[in-house]
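Here is a short briefing on one protein structure. Look at the fold first, then read the points below.

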Amino acid sequence: MKRALVATLALGIGLAAWWTYIRTRKSRGAHRIATTLHLNAKWWRERGKQEGDLLYVAIGDSAAQGVGASKPHRGYVGAIAKHIRNESGKSVRAVNLSVSGARLREALAVQLPQIVKLTPDIMTVAVGANDMADFDPKRFERELRTVLDSVPKHAIIGEVPCFFFGQPNKNARMANDIVHELADELGFRVAPVYESTRRQGVARTAFYHASPDYFHPNDRGHRVWADAFLPLVDKRLSSLLGPKHRQSTTGEATPVAEAVSDGATA
């Protein structure tokens, strides 16, 4: 009986210490990431000024900015840009219009007006995760429809990622039903970001794929996001350049882990 009590107390103390560590790490991680948001934005602004044979445009939020990754180009947008260059053999101009914290309404107000003067060869749209906190299905559908009406039909639409627990995850599932319904109606292809992130599992995500704030993906987590887009990116490349554009010897999308280098240019 005494041993059981001691063991229970030890377990309780251990869990309390672990929870304190997680909360402290999360708080420090969130502060560190918040102080670097402007650096990601500046990096992408400079990158967007460079010329390229192909134009890749990204609409999104902090994930598209590469927040949580060790460097901006190691985020999923940077990984996709690198993949396009490697697979096509052409230079790529990457214009990342995403804004950290953006919801659909901010994408409509700030990001989409900027594509008027652009003619993207490849485009990804992944925004909506920040709408999950106060999710309104009718508003989500209305705003998403307006977004889809404003982008080229070849744009690749990303699902809202998996949150694993609670109402945010229930909201994400409802939101993704709307994403697929509108995409089917309007003729868009959807990247399975939710399933790709869900498949990693909560433990693997927490220990291996999450940044220190336990919200944004780290380098590994961003690779998971990118891998959800790559098969559709390759389909778009095939329609642009023909089926003989440079791919791996298997004819499948080259895994991001191989496609992304430590170089700072895409």
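Predicted model: local features only at pLDDT ≥ 70, side-chain atom pairs only at ≥ 80, totals over all residues.

- Strands of a sheet pair through backbone hydrogen bonds, and the pairing can be parallel or antiparallel.
- Strand β4 (residues 156–158) runs parallel to β5, and three bridges join the two.
- Ile156 has Arg189 of β5 as its bridge partner.

- Phe164 sits in the loop between β4 and α7 (166–186).
- The phi angle of Phe164 is near 75 degrees, which is a positive value in a residue other than glycine.

- In soluble globular proteins, nonpolar side chains tend to be buried together.
- The largest nonpolar core here has 35 residues.
- Val125 and Phe140 have the most contacts inside this core.
- β1, α5 (104–111), β3, α6 (137–150) and α7 each supply at least two residues of the core.
- Which element gives the most to this core? Helix α7 does, with seven residues.
- Not counting residues up to four places away in sequence, Phe140 touches several residues, including Leu104, Met132, Phe135, Ile178 and Val179.
- A second, separate core has 27 residues. Among them are Tyr76, Ile122, Ala226 and Leu230.

**Helix α5**

- Leu104, Arg105, Ala107 and Gln111 are buried in α5.
- The buried residues of α5 pack against β1 and α6.

**Salt bridges**

- How many salt bridges are there? The count comes to seven.
- Glu106 forms a salt bridge with Arg103, and their closest N and O atoms are 2.6 Å apart. Glu106 is partly exposed, at 25% relative accessibility. Arg103 is partly exposed too, at 24%.
- Arg105 forms a salt bridge with Asp131, and here the closest N and O atoms are 3.6 Å apart. Arg105 lies in helix α5 and Asp131 in the loop between β3 and α6, so the pair ties together parts that are 26 residues apart in sequence. Asp131 is buried, with a relative accessible area of 4%.
- Glu143 and Arg139 meet through their side chains in a salt bridge of 2.7 Å, N to O. Both lie in helix α6, four residues apart, so about one helical turn separates them.
- An α-helix has 3.6 residues a turn, so residues three or four places apart point the same way.
- Glu143 is buried, with a relative accessible area of 8%. Arg139 is partly exposed, at 30%.
- Glu195, Arg198 and Arg199 are linked in a network of salt bridges.

**Aromatic pairs**

- A search of the whole structure finds four aromatic pairs.
- Tyr76 and Phe229 form a stacked pair, 5.5 Å centre to centre, with 10 degrees between the planes.
- This pair links distant parts of the chain. Tyr76 is in helix α4 and Phe229 in helix α10, 153 residues apart.
- Tyr76 is buried, with a relative accessible area of 0%. Phe229 counts as buried at 0%.
- Phe135 and Phe140 form an edge-to-face pair, 5.5 Å centre to centre, with 65 degrees between the planes. Phe135 and Phe140 are both buried.
- Which residues form one aromatic cluster? They are Tyr76, Trp225 and Phe229.

Methods. Residues numbered from 1 in each chain as written. Heavy atoms only, no water. Pairing = 2+ DSSP bridges. Core = buried A, V, L, I, M, F, W, Y, C linked by side-chain atoms within 4.5 Å. Buried < 20%, exposed > 50% of the residue type's maximum accessible area, 1.4 Å probe, protein only. Contact = heavy atoms within 4.5 Å. Salt bridge = Lys/Arg side-chain N within 4 Å of Asp/Glu carboxyl O. Phe/Tyr/Trp six-rings, centres within 6.5 Å; stacked < 30°, edge-to-face > 60°.
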